[in-house]
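Here is a short report on helix packing and charged pairs. Please read it alongside the sequence and the model.

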Amino acid sequence: MEFDIYFPLFEEVMHGVLNPELPENSEGYHYVRRVQEQVVAGIKPVGMFSLHYAEPINQKCLFYKRLLLSETHGYCEDALTYLSSEKDERIRSYYRDQILDKHLTTCLMRLGEKMEAANYRFDELVHHAADADQDRLSNIYIFHLLKACLAKAYLEVQELLSSVVRWKLTEEMLYTTFVREKIPVQTFLRKREQPVTVQDQNKSNIASKDYAAKGNKAEMATQPVKAQDAVRNEKVEFLDVKQVCLLLHKTENTVYRRIQNGEIKAIKEGKTYLIEKQTFEKYLDSLGVKPPTKK
């Protein structure tokens with residue numbers, strides 16, 4: 001089992017196909033359809049910190065909030081599962097260096113530079129004029145949400161690796177130090193008295209279907225089904241888990257988690273799973289990720 005240290009969708013939101021500043025991602029009626037067709041995993045509370053963010057101001061913000069929160073909670077779930085079981089202090093120190101000192105810190109700094117350049121201030125979202133540009137407000141909402149998601153990931157990993165962390169940072173410190181926000185800063189995380197473990201989360205049985213569009217719920221086959229039986233007389237192309245990992249840029253652990261919670265529809269073939277290609281491409285589209293084109 002391996003833990004994918006890279007924060008999900010960060011590059012896509014910053015300068016990829018999910019960048020909310022792109023003309024094709026501007027606020028508009030098309031987000032009604034995108035939200036209806038969106039397939040995301042359930043927002044399962046996990047870890048030591050709960051995230052409390054502003055309510056979406058439109059369908060664009062709703063689309064990004066569901067997507068970012070789902071991916072963030074999945075990232076924290078994987079971190080909790082993997083890092084909490086690692087006892088070797090040398091390896092724990094390595095992960096602290098790679099995840100906290102380098103990756104998440106760099107993400108926060110890059111995000112801060114982007115928001116400073118565009119003058120995306122959270123107080124503009126709270127106190128805006130009646131005729132304010134709705135798309136700009138949406139972008140402020142989304143990038144500050146991404147900031148809060150990164151902060152949650154940082155604090156959760158910091159808590160998991162506390163034995164090798166010399167100086168703990170707070171949410172406020174993350175924003176003032178790396179994002180370069182001025183005091184006072186708006187915070188969005190609350191520390192729980194008791195952490196929510198993966199076992200607690202499973203017991204809560206928060207199903208992903210509550211967050212899937214009606215009529216577009218991904219259901220995993222509960223009984224082993226032969227791929228050839230599923231194909232019948234139709235020519236259907238399947239992907240294996242390794243191929244899906246490459247397309248999503250995720251580890252096998254993350255893909256299996258998404259299969260198990262019903263986010264990715266799969267057919268069980270022996271001890272592994274097969275994913276119908278056309279259905280998976282629709283899933284990629286719901287994430288705003290374009291499948292690679294054939295050369």
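E124 is buried, at 17% relative accessibility. Here buried means under 20% relative accessible area, exposed means over 50%, and partly exposed lies in between (1.4 Å probe, protein chains only). The side chain of E124 meets that of R121 in a salt bridge, 3.7 Å from N to O. A salt bridge is a side-chain nitrogen of Lys or Arg within 4 Å of a carboxyl oxygen of Asp or Glu. R121 itself is partly exposed, with a relative accessible area of 37%.

R121 also forms a salt bridge with D123, and the closest N and O atoms are 2.7 Å apart. D123 is partly exposed, at 41% relative accessible area.

## Basis of the model

This model is predicted: local features need pLDDT of at least 70, side-chain atom pairs count only at pLDDT 80 or more, and totals for chains, interfaces and linings use all residues. Residues are numbered from 1 along each chain as its sequence is written, and side-chain values use heavy atoms, leaving out hydrogens and water.

The whole structure holds 16 salt bridges. One of them joins E156 and K152, at 2.7 Å from N to O. Both residues lie in helix α6 (residues 134-160), four residues apart, about one turn of the helix. Helices are DSSP runs (H or I, at least four residues), numbered from the N terminus. E156 is buried, with a relative accessible area of 5%. K152 is buried too, at 0% relative accessibility. Elsewhere, salt bridges with shared partners link R121, D123, E124 and R136 into one network.

## Packing of α3 on α4

Helix α3 (residues 59-83) packs with helix α4 (residues 89-118) at an angle of about 160°, and their axes are 13 Å apart. Axes are lines fitted to C-alpha atoms over the stretch in contact, and angles run from 0 to 180 degrees between N-to-C directions. The two helices are therefore roughly antiparallel, a term for angles over 145 degrees. Their crossing is left-handed: the near helix is turned anticlockwise from the far one by less than a right angle.

On the α3 side, Y75, Y82 and L83 make the contact; on the α4 side, R92, Y95, I99 and L104 do. Contact means heavy atoms within 4.5 Å.

## T106 and V179

T106 is found in helix α4. T106 is partly exposed, with a relative accessible area of 39%. V179 is 73 residues from T106 along the chain, yet their C-alpha atoms are separated by 9.8 Å.

Terms used
Parallel < 35°, antiparallel > 145°, perpendicular 65-115°, else oblique.
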